[in-house]
Amino acid sequence: MEGACDGTCGCSTCHVILEEPLFNALPEALTDESDLLDSINNSTKTSRLGCQLLITEKFNKAKIKLPDEVENVLDQGDRIRF
């Protein structure tokens with residue numbers, strides 16, 4: 001997984017899709033993360049940005065899906081697809 005913004009919540013290359021129980025157990029996404037997720041085409045209701053997650057014991061045995069396509073939203077909405 002690429003982290004183009006070095007964990008600053010400035011892109012969407014670390015987009016992950018969580019299982020619903022794990023998603024529901026985590027704190028809500030902050031505005032910057034939510035805005036980025038809203039701007040990508042393949043976001044789901046359990047999408048998060050990996051760089052914004054604090055990995056704890058809640059992640060033990062969790063299945064985390066990587067989307068088929070990753071969008072990198074940088075520089076005011078320029079999109080780069082991988």
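Leaving aside neighbours within four places in sequence, Cys 14 is in contact with Met 1, Glu 2, Arg 48, Leu 49, Gly 50 and Cys 51, where contact means heavy atoms within 4.5 Å. The model is a predicted one, in which local features need pLDDT of at least 70 and side-chain atom pairs count only at pLDDT 80 or more, while totals for chains, interfaces and linings use all residues. Residues are numbered from 1 along each chain as its sequence is written, and side-chain values use heavy atoms, with hydrogens and water left out.

Cys 14 belongs to the segment before strand E1. With a relative accessible area of 6%, Cys 14 is buried; buried denotes under 20% relative accessible area, exposed over 50%, and partly exposed the range in between, with a 1.4 Å probe and protein chains only. One of its contacts, Cys 51, is 37 residues away along the chain, yet the two C-alpha atoms are separated by 6.5 Å.

The protein chain as a whole contains 2 helices and 5 strands. Helices (H or I, at least four residues) and strands (E, at least two) are DSSP runs, numbered from the N terminus. Read from the N terminus on, the order of elements is β-α-α-β-β-β-β. Of the 82 residues, 32% count as buried. Among contacts with a separation of 6 or more, 68% are made by residues 24 or more positions apart. The chain exposes about 5400 Å², of which carbon and sulfur atoms supply 49%; accessible areas come from the Shrake-Rupley method with a 1.4 Å probe, and for residues only the protein chains shown count as cover.

The description now turns to the sheet. Three strands form an open sheet of 3 strands in the order E2-E1-E3, with antiparallel pairing. Its edge strands are E2 (47–49) and E3 (64–65), each of which pairs on one side only. Two strands are said to pair if DSSP finds at least two bridges between them. In general, strands of a sheet pair through backbone hydrogen bonds, either parallel or antiparallel.

Strand E1 covers residues 15–18 and pairs with E3 in the antiparallel sense over 2 bridges. In this pairing, Ile 17 has Lys 65 of E3 as its bridge partner, and Leu 18 stands opposite Ile 64 in E3. Towards E2, E1 is joined by 3 bridges, and these two strands also run antiparallel. Val 16 has Arg 48 of E2 as its bridge partner. As for side-chain directions, His 15 and Ile 17 point one way from E1, Val 16 and Leu 18 point the other way, and all are buried. This can be set beside a general rule: in a regular strand the side chains alternate between the two faces of the sheet.

Helix H2 lies across E1 and E2, running at about 120° to E2; here axes are lines fitted to C-alpha atoms, for helices over the stretch in contact, and angles run from 0 to 180 degrees between N-to-C directions. Within H2, Glu 33, Leu 36 and Leu 37 are buried. These residues are on the same side of H2 because they cover an arc of only 100° around the axis, the arc being that of the directions from the helix axis to the C-beta atoms. Thr 31 and Asp 38, on the other side of H2, are exposed.

Glu 33 deserves a separate look. Helix H2, in which Glu 33 is placed, spans residues 31–38. Glu 33 counts as buried because its relative accessibility is 3%. Apart from residues up to four places away in sequence, Glu 33 touches Cys 9, Arg 48, Leu 49 and Gln 52. Cys 9 is found in the segment before E1 and also counts as buried, at 13% relative accessibility. The phi angle of Cys 9 is near 60°, a positive value in a residue other than glycine.

Lys 61, in the loop between E2 and E3, likewise has a positive phi in a residue other than glycine, near 65°. Lys 61 is exposed, with a relative accessible area of 84%.

Thr 46 lies in the loop between H2 and E2 and is buried, with a relative accessible area of 8%. Its side chain reaches the backbone oxygen of Leu 18 at 2.8 Å. Leaving aside neighbours within four places in sequence, Thr 46 is in contact with Val 16, Ile 17, Leu 18, Glu 20 and Phe 23.

Methods
A polar contact is a pair of N or O atoms within 3.5 Å; within protein, one must be able to donate a hydrogen and the other to accept it, and residues adjacent in sequence count only if both atoms are side-chain atoms.
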